[in-house]
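Please read them with the structure open.

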Amino acid sequence: MADDGMLLNFFTSDAVVPTIPTFKGGRWKDRLTAKKAAQHWQKKVARGPNTPSRTNSSGANTTQITRRQNSVESDQSEAHNGTRSTKRPRVSGEFRPTSNGPFAQNGTKAHAGGNETYKAGPKQVISSLFTYNPTSITKTIPQNEPQNETPVEPSNAPLTSELDTFTSLGLSATLASHLLKKMELKAPTAIQKAAITQLVKEDSDAFIQAETGSGKTLAYLLPIVQRIMDISANIKKRKVEEGPDAIHRDSGLFAIILAPTRELSKQIALVLESLLRCAHWIVAGTVTGGESKKSEKARLRKGFNILVATPGRLADHLENTERLDVSNVRWLVLDEGDRLMELGFEQEIQKIVGNLNLRMRAKKDPKLIIPGLPARRTTILCSATMKMDVQRLGEISLKEAVHIHADPADQNEEDVDRETKDQAFFAPAQLKQSYATVPAKLRLVSLIAFLKRAFARKGSVMKAIVFISCADSVDFHFDVLTSQLDLSSTPAQVDEPSPPSDPEKQSESKSKSVRLPPQSNPTTLTVTHAPSPLLSPTTHTVTTYRLHGSLPQALRTSTLAHFTTSTTPSLLIATDVASRGLDLPNVDLVIEFDPAFAREDHLHRIGRTARAGRDGRACIFLMPGCEEGYVDVLKGDRKDGEAAGLYISRQDADEVLKKGLQPDPSTSQPAKGGSWSGSTAKSKTTRLDKISYADKATQLQLDIERWVLASPSRLESARRAYQSHIRAYATHVAAERKFFDIKELHLGHLAKAFALRERPSGMKVPGLRTGVGRAVGGKVDGKKDKGVGKGVSTRKETKAAGGGGAGEEAEEAAKMRKAVRAREKFMRGAGGAEEFNLG
Ligand SMILES: Nc1ncnc2c1ncn2[C@@H]1O[C@H](COP(=O)(O)OP(=O)(O)OP(=O)(O)O)[C@@H](O)[C@H]1O
């Protein structure tokens, strides 16, 4: 490549003028662009070496391209200022030195002069952020939001009546006093009241259904612990000589709690651990995937009275660990039943239930049976919904189950049809919901602006979660948010020197503000949290965390622990791995940057905030167009909807950008080490007003694009994120695909949200197929791609990938197929049938 640069300096006046080749194949647009560039080059060669652009030293042509690129970038901001209109996106980088031939596009052709060679590089489309964006269809709809919102009663808070105490529900004074003094829980929640009353007295199976954050974990743990304490007291009464604690770890395993994920199992185990501090002779433990089986076997040999497990690992131990005696198990809990089925644990659960039944029957010798131990096993199924697959799980595990609801009015559900039951899962009433209509191109900058505003005031938001559809996209956004890019390089900073009044100086200052991005590569997966300069105001630091299923288990656990215990402003960027059951304290805000694949997932996500009666906010990003139809789904999130005075507020991208990038100076924080007041503040306000938020957004976008382009691995990470995002988009449930229609997705605009300047059709990512547009049938440059309707990963393509020795690609395709199959299976069970056209 160095030689190429040198050769460029050897132009002579008698240089042979190249002829324009005939361009064949490809799209007419590409051919036309190549032809025009060839004509341009021909003119330049004909003009000779003294043209200014060729008097450079080595790499002259590259410099020329860079300059052109920069000029396009400044065009972009000018266009928005109204100084110049942008008719169409500019394309740059068509030709760059190579050793193959002149004007060669996707191929080579020898230059007539012999030595100069050029090859087409990836085209860079640097479109304006603010042009050609689709208009919102909900903007014109008048907002019937009341001016003075009436305070809403929390629906998942502890009960306030003096009569509702833990002891009144049948719990012992020891347990109730431990709850009050050590766990700071004064009164039960509605679901706890209903479940504890039933389960401390009766041995019938139960189906517990309640909204997120209502304390379901304690609703089933408390009666189990109480019953084991009662058995212990019973034995103690009979055999005083056995010592103070009649039940000990060798007495047998009495209860098993199954949870779908390792995180959830660990969380349940932690709650149990703190509960058992008042009954330390009852020993609890966990067996989950991802841990060493050998050490688990050793722990199982020592004995547990309560075991928290993931189904796969428990089924494995039941088969292979002789010392695991389950003949005394009298309580089996299936937590997050719908998720257990969705993740395909049906077979394992069937195996576990069969095994428990078999071993319980086998133990007939009355001498071996512990006195006070119930004669039958109680199975408790917890699920947010009662879809077909949950009913199937009920058939496998429950017998004549009692349906336990938080609201006694819901108890008589016999006459409620199935469809209503499916919809009987609501968000907490006190949760404040909003949606932001953000066009594809503006998504990245809008997310940053939204987060900047959320964390601007110390103490306003302590913890926030951003949900993203796939792991690659989580990694990309984590890298952007923890990069050294910060808005001090843009004119947005409040403590920046006043902008020069001279327009020439102004543009000079603008170009100076374009800092070269740091050259570091994407962070390795071992880094899961880092400060975020981009989001941190001058007064405090915001730490960003990431979490997804591709991270090693130990790292997932430690990241969650860090985020949970952090006392400083923190942001978690996560896939749905963090959406179910996780109880992360002090989460004030949930942002669904990518909408969930199904309504239930959405409710679980937003349920990470507004827990146990606390306040919370949730915002979902929707793109203008059919996605806005999802607002109707959001309206059904609350049990009584608008009738109860619950409204969903709306904002658009301009508002988000304005509030986030051009904060109201009266509320913004003074710069570090300084403050302003009176006239100083006033003059700063005037200066701030002069700088448009659109300029700041443009500048920020360009900074990120350059930052991505500066490193090949960062570029690859962005492309990977983009492609995975599109594939994930195709897996929305059939009922909601009218809102999230892959055919309506503008792939070119979406690329901008991943800071990419390439055309989607030509994008190459190792391990992923090229031509995303073709694969998913979205829009490319405003036109629908011909590959509409083709699956995300067809059999033929997978075979080709594997057959061609592209192991990584085959693995990726296999993973994708597995995910799609799991979802299809779930949908089939839920009556959604075969509408997944994912191949
Ligand atoms: N009686 C209570 N009083 C106050 N806080 C409670 C009470 N019971 C539980 N909590 C708290 O409520 C939070 C949510 O509890 P839990 O995780 O059990 O809810 P959940 O209903 O299982 O939610 P999800 O459906 O999201 O899994 C926890 O932080 C827990 O400590």
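1. In which sense do β13 and strand β17 pair, and over how many bridges? β13 and β17 (residues 587-592) pair in the parallel sense over 5 bridges, where strands are DSSP runs of E of at least two residues, numbered from the N terminus, and pairing requires at least two DSSP bridges. In β17, V590 is the bridge partner of I465.

2. This is a predicted model, in which local features need pLDDT of at least 70 and side-chain atom pairs count only at pLDDT 80 or more, while totals for chains, interfaces and linings use all residues. Residues are numbered from 1 along each chain as its sequence is written.

3. Strand β13 (residues 463-467) also pairs in the parallel sense with β16 (residues 570-574), over 5 bridges, and there V466 stands opposite I573. Of the 5 residues of β13, 5 are buried, that is, have 20 or more other C-beta atoms, placed from the backbone, within 10 Å of their own. K463, I465 and F467 point one way, and A464 and V466 the other. In a regular strand, side chains alternate between the two faces of the sheet.

4. In helix α11 (residues 346-362), the buried residues are E348, I349, I352 and L356. They cover an arc of only 100° around the axis, taken from the directions to the C-beta atoms, which puts them on the same side of α11. On the other side, Q347, G354, N357, L358, R361 and A362 are exposed, meaning 12 or fewer such neighbours.

5. Around the ligand stand 18 residues, and the closest are T212, G215, K216, T217 and A612, counting C-beta atoms, placed from the backbone, within 6 Å.

Definitions and conventions
Helix = DSSP H or I, 4+ residues; strand = E, 2+ residues; numbered from the N terminus.
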